[in-house]
Amino acid sequence: MKMTMTQKILAKHANLEFVKPGQLIMADLDMVLGNDITTPVAVKEFRKIGVEKVFDKEKIAIVPDHFCPNKDIKSAEQVKFIREFAKGMEVSNFFEVGQMGIEHALLPEKGLVTAGDVVIGADSHTCTYGALGAFSTGVGSTDMASGMATGKAWFKIPEAIKFTLNNKLSKNVSGKDLILHIIGMIGVDGALYKSMEFVGEGIKTLSIDDRFTIANMAIEAGAKNGIFPVDDITLEYIKEHSTKPYEVFEADEDAIYSKEIIIDLSKIKMTVSFPHLPDNTRTIDKVGNIKIDQSVIGSCTNGRIQDMREAAEVFKGRKVHPEVRCIIFPATQKIWKQAMNEGLFDIFIDAGAAISTPTCGPCLGGHMGILAKGERAVSTTNRNFVGRMGHPESEVYLASPIVAAASAILGRIGSPDEL
Amino acid sequence: MKAHGKVIKYGNNVDTDVIIPARYLNTSDPAELASHCMEDIDSEFVNKVNKGDVMVALNNFGCGSSREHAPIAIKESGISCVIANTFARIFYRNAVNIGLPILECEQAAKEINEGDQVTVDFDSGIIINETQNKQYTAQPFPPFMQEIMKSEGLIGYIKKNMK
Ligand code: SF4
């Protein structure tokens with residue numbers, strides 16, 4: 001039938017046998033997501049439609065995570081506004097401080113997204129759930145409003161780029177390095193309007209947390225979504241976290257791709273994105289002497305348990321450089337507890353790092369680690385745009401948790417091999 | 001629908017963090033957002049923009065976050081239309097959904113300069129550069145999106161179709 005995995009999921013949700021690139025469709029939604037920044041705008045738009053109820057109170061998730069716990073009065077007012085909306089509409093998935101986490105780590109963990117779903121979120125990193133074999137994509141607040149009212153969204157069927165992954169990543173090289181490498185290769189608009197479909201033997205060597213990290217940053221290549229096939233690793237995760245029914249879609253053998261890129265995972269090196277675009281990448285051996293003031297480990301890209309474990313492995317028995325502030329953000333309450341129970345917090349604290357409650361925090365220059373003029377941070381987050389973490393003249397370097405931890409110790413960007 | 005105005009021009013990969021920095025996202029008030037529009041790359045923007053002006057940029061305009069605050073801030077600041085070679089996809093759909101006219105045209109994006117006077121016809125996709133005496137044709141919107149635009153955005157469109 002010549003359809004890619006993404007096209008098949010969208011066809012099914014639009015009740016169509018076949019779809020082709022460029023076609024405009026209306027698809028049924030399995031989940032509609034918003035956060036404390038995008039939901040207030042969506043609620044105002046929702047009210048203009050004039051419907052009394054949301055289409056399905058189980059299929060809406062609202063996660064106040066960006067400026068939460070509320071950083072100032074205005075943020076508190078925004079959350080109060082959406083809390084009242086959620087209450088009034090009896091939205092079942094509103095996550096208050098104490099239960100919340102960063103939305104894209106939280107939704108899969110709570111079992112709210114599963115294989116074969118179509119999900120929209122008023123947050124660009126909604127593409128993260130492609131790791132589970134779902135079609136998920138970021139939209140704006142108006143789409144969220146109309147999704148909440150109608151349970152549908154319009155889409156233009158995307159073409160796809162096929163990424164065939166072979167072999168296995170080397171020691172200290174993670175999913176983050178792979179996705180930074182890919183963005184460096186194809187550019188921040190290299191997959192504009194397209195799907196990034198990952199296939200190949202190498203996939204079974206990537207953990208689910210690595211896959212979340214990779215799918216998360218598809219948007220940084222301009223993609224509509226990033227998606228992985230469903231295998232035993234996916235099913236194990238889904239069965240552990242969700243009771244929702246799932247459906248496994250596979251690309252047709254004769255599916256048409258706009259391009260195929262073959263990647264030998266064993267050749268990928270630790271990679272860092274220099275300011276001010278994620279595609280401005282250099283391998284670790286070409287970084288030079290970049291002194292840092294702050295190291296941030298967390299976010300929807302790298303705040304999962306594997307990231308915490310990998311950072312702890314580097315910090316064990318070592319100290320954060322005296323001129324560096326290192327802040328660690330486990331992405332959800334569950335990850336927090338797990339990291340604590342595994343003794344990772346002892347390692348972090350003994351090393352001189354601070355541990356925060358789950359929040360987006362400095363990732364978007366919100367709070368909890370803002371940079372002053374001229375300061376530099378290495379960060380496991382996903383964007384290094386001008387002013388992203390604070391002052392317009394500050395700088396963000398994107399890297400993996402392993403590199404961010406090693407850099408925190410060295411006081412400059414570097415690898416664990418230098419310790 | 002037509003727009004006429006002076007051009008304010010930017011380069012490649014204008015991201016939503018510079019269109020409206022996250023530090024101002026603790027509000028969704030359009031006027032307040034507009035007062036900080038573009039401030040991290042062009043602190044003069046809010047002083048020089050006049051109602052009806054046209055924003056022109058190169059590749060991947062609006063990349064980054066899904067914040068609808070970005071097209072809202074641009075629209076509220078008085079910009080009547082954005083022309084670029086390409087748009088980032090979430091920005092593209094947000095602009096359509098809130099009724100901010102945008103057009104993709106490589107030639108126009110390249111050749112139009114800051115300060116040029118232009119007229120844009122959204123139905124035909126014709127862009128006239130009066131200063132340089134040149135004309136370009138952009139791909140007009142597909143009918144479905146024209147419908148949304150005519151309803152002043154997705155909410156208007158849904159209201160019409162739910163009745
Ligand atoms: S952690 Fe950063 S990128 Fe992820 S949802 Fe929060 S602000 Fe967005």
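This is a predicted model: local features need pLDDT of at least 70, side-chain atom pairs count only at pLDDT 80 or more; totals for chains, interfaces and linings use all residues.
**A helix pair in chain B**
- Helix 7 (residues 143-150) of chain B packs against helix 8 (residues 154-162) of chain B at an angle of about 95°, and their axes lie 7 Å apart.
- That angle falls in the 65 to 115 range, so helix 7 of chain B and helix 8 of chain B are roughly perpendicular to each other.
- Helix 7 of chain B brings F144(B), E147(B) and I148(B) to the contact, while helix 8 of chain B brings L154(B), Y157(B) and K160(B).
- By class, the residues of this contact are four nonpolar, no polar and two charged.

**How much of A and B meets**
- Chain A puts 49 residues into the contact with chain B, and chain B puts in 43 residues.
- About 3800 Å² is buried between the two chains, with carbon and sulfur atoms giving 60% of that area.
- T142(A), W154(A) and Y193(A) supply 18% of the area chain A buries against chain B, more than any other three residues.

**Polar links between A and B**
- Three salt bridges run between chain A and chain B.
- One of them joins the side chains of D17(B) and R388(A), at 2.9 Å from N to O.
- There are also 22 residue pairs in polar contact between chain A and chain B.

**Chain A's side of the contact**
- Helix 2 of chain A gives the largest share of the side touching chain B, with seven residues.
- This side of chain A has 24 nonpolar, 14 polar and 11 charged residues.

Notes
Residues are numbered from 1 along each chain as its sequence is written. Chains are lettered from A and ligands numbered from 1 in the order in which they are written. Side-chain values use heavy atoms; hydrogens and water are left out. Contact means heavy atoms within 4.5 Å. Buried area is the accessible area (1.4 Å probe) that two parts lose on being put together, summed over both. A salt bridge is a side-chain nitrogen of Lys or Arg within 4 Å of a carboxyl oxygen of Asp or Glu. A polar contact is a pair of N or O atoms within 3.5 Å; within protein, one must be able to donate a hydrogen and the other to accept it, and residues adjacent in sequence count only if both atoms are side-chain atoms. Helices (H or I, at least four residues) and strands (E, at least two) are DSSP runs, numbered from the N terminus. Ala, Val, Leu, Ile, Met, Phe, Trp, Tyr, Cys and Pro count as nonpolar, Asp, Glu, Lys and Arg as charged, and the others, Gly among them, as polar. Axes are lines fitted to C-alpha atoms, for helices over the stretch in contact, and angles run from 0 to 180 degrees between N-to-C directions. Angles under 35 degrees count as roughly parallel, over 145 as roughly antiparallel, 65 to 115 as roughly perpendicular and the rest as oblique.
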